[in-house]
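Here's a quick note to read alongside the model. Keep the 3D view open as you go.

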Amino acid sequence: MIDDYLARIGQLIRDARQHRGWTQSQLAEALSTSQSAVNRIERGNQNISLEMIARIGEALDSEIVSLGYAGPMHLRVVGGRRLNGAIDVKTSKNACVALLCGSLLNSGRTVLRRVARIEEVFRILEVLNSIGVRTRWINEGADLEITPPAELDMDAIDLDAARRTRSIIMFLGPLMHRMNQFKIPYAGGCDLGTRTVEPHMMALRRFGLEVTATEGVYHATVTPGTSPDRPIVLTERGDTVTENALLAAARHDGTTVIRNASSNYMVQDLCFFLEQLGVRIDGVGTTTLTVHGVPEIDRDVDYSPSEDPVEAMSLIAAALVTESELTVRRVPLEFLEIELAVLEGMGLDHDLGPEYKADNGRTRLADLTVRPSKLEAPIDKIHPMPFPGLNIDNAPFFAAIAATAHGSTMIHDWVYDNRAIYLTDLNRLGGRLQLLDPHRVLVEGPTRWRAAEMMCPPALRPAVVVLLAMMAAEGTSVLRNVYVINRGYEDLAERLNSVGAQIETFRDI
């Protein structure tokens, strides 16, 4: 019972610290204690007095001392409202996570600009802090500074944070350059069915990494001096698989060729970042990458990840589902061209502004104004493909869009085992979706959306799709336990409210 209360108190403190934008190290400094002590408190592994709780509350400007259970967060949505005005696309969640993992390659100081302040990033930061990496938000919380220690303390890794993110798998590539033996917990994240890590292992074995799995932990052993003797051919063109291979190749003293590589947005951002670290990469944006690695990296770097095309698609879908006129600014155009072409074929009414460069100097952006459109179901099915095809994470948004269109639309989400199943949650809101098998769903439109109260699907993109349908439904809906949305979107409810939505965040008493 005591351990349970300590864990609840620790979670409250962690939430308050993150809301303040502080790292564990900054809170420790304010309390005149150690970062490891703060880590133990937040994990519920240390007894804590009321005096210390009051001190923490004062430091964080939070009434932690009036203790209650920090239960799940919910959203109350008053639907049927039209959106208007303009909204900016935030930086890419997946790129920011890859860059945080990539910072482990560098012995110098890394500054990442406009990092997405989302739960997925917070979990990775907690893992980095627990093993000795110093991180702090700078420039009024807009940017993130990362400074690694001389030696990482893998025995102190925050297991709880690591298990709550699938991105922990991308620690394998950089860590193999820093130690010959280490352990990390199994990867977590969204519930999307079986997602094997074997493609990662097949690529990393070529650099001398062997992994055995026991009792929820990956045990990694590295054989120094091992070098790929031929090109690495990835068995799937996955984003994180490609990123892990890139991270391993970056500090490999030699040239590595990676074939069947993903050329998606987060992979390109990681390539641009590695180039700033002094790693030459040929073929960025193609499926064959040639990496000229360097054995040591010690540079002070400053990098700006580009905008998130999946968030941009979310905002475009929000405008279409609510029949609104909305300008979405800073859209990463080259990663949405297929989606926009499909929408144009369905009857999208929109204006596209002139192109300009993202802050990374490479990615093409444009401002897009979406107007209420009379949509017709597409002739062909909606099915994602690796870039430059329709983005795998954007396919779910077409379920809500197709539900507003006239006619029948087939959506074939062939990548994940369960995601199409979660899309049928739209039926609770008046949708007419028929699940044909675990990967295919038939959507009938148009839809007269109706309000409902329901649990949030356990997968990020279907959860947002449900939220968008609630925004279109007349009346008040409740979406319960929205942690999964906070994993991938920064202040989504507040930002949608800024352009006319009415969404309230609340917790149960």
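1. First, the ground rules. This is a predicted model, where local features need pLDDT of at least 70, side-chain atom pairs count only at pLDDT 80 or more, and totals for chains, interfaces and linings use all residues. Numbering runs from 1 along each chain as its sequence is written, and side-chain values use heavy atoms, with hydrogens and water left out.

2. Have a look at the open sheet: 4 strands, ordered β21-β22-β1-β23, with mixed pairing. Strands here are DSSP E runs of at least two residues, helices H or I runs of at least four, both numbered from the N terminus; two strands pair if DSSP finds at least two bridges between them. At the edges sit β21 (453-455) and β23 (502-507), each pairing on one side only.

3. Now zoom in on β1 (residues 73-79), which runs antiparallel to β23 over 6 bridges. Arginine 76 faces glutamate 504 of β23 there.

4. Where does the largest cavity lie? Domain 1 (3-60) and domain 3 (93-303) both contribute lining residues, so it lies between them; the bounds come from an automatic or database domain assignment. Helix α6 gives the most to this lining, with 4 residues.

5. The second largest cavity draws at least three lining residues from each of domain 2 (73-90 + 307-507) and domain 3 (93-303). Helix α11 (residues 265-276) supplies the largest share, 4 residues.
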